[in-house]
Amino acid sequence: MLELMEWLAEQGVTTVFKVDGDRMAERRAAWMVIVSGGPLDEDSFFRADLATPDACLDSLLAHLESKGLSPFA
């Protein structure tokens, strides 16, 4: 995850990845990822609130792919 966040920063993308303890205690989707900026353009603010960090990562990678970005290229 840290390598992906560093790669995104190098592309000019701002990334937030967090877990919310209150949501977790309430058994709600506690994990969140947000990305914006850089080559994603102004209209591509992306946020996903999901149950696991892996689900957030999968969602983020799918979003990046839809924008023509891939850390695996």
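Guide: Helix α3 has 14 residues (53–66), which at 1.5 Å a residue should span 20 Å, and its end C-alpha atoms are 20 Å apart, which agrees. The expected span is 1.5 Å times one less than the number of residues. Helices are DSSP runs of H or I with at least four residues, and strands are runs of E with at least two, numbered from the N terminus.

Visitor: Where does this model come from?
Guide: It is a predicted model, in which local features need pLDDT of at least 70 and side-chain atom pairs pLDDT 80 or more, while totals for chains, interfaces and linings use all residues. Residues are numbered from 1 along each chain, and side-chain values use heavy atoms, without hydrogens and water.

Visitor: Which residues of α3 are buried?
Guide: Cys56, Leu60, His63 and Leu64 are buried (under 20% relative accessible area; exposed is over 50%, partly exposed in between, with a 1.4 Å probe and protein chains only).

Visitor: And which are exposed on the other side of α3?
Guide: Those are Asp54, Asp58, Glu65 and Ser66.

Visitor: New topic: how many salt bridges are there?
Guide: The count is five, where a salt bridge is a side-chain nitrogen of Lys or Arg within 4 Å of a carboxyl oxygen of Asp or Glu.

Visitor: What does Arg23 pair with?
Guide: Arg23 forms a salt bridge with Asp49, with the closest N and O atoms 2.7 Å apart. Arg23 lies in helix α2 and Asp49 in strand β3, so the pair ties together parts 26 residues apart in sequence.
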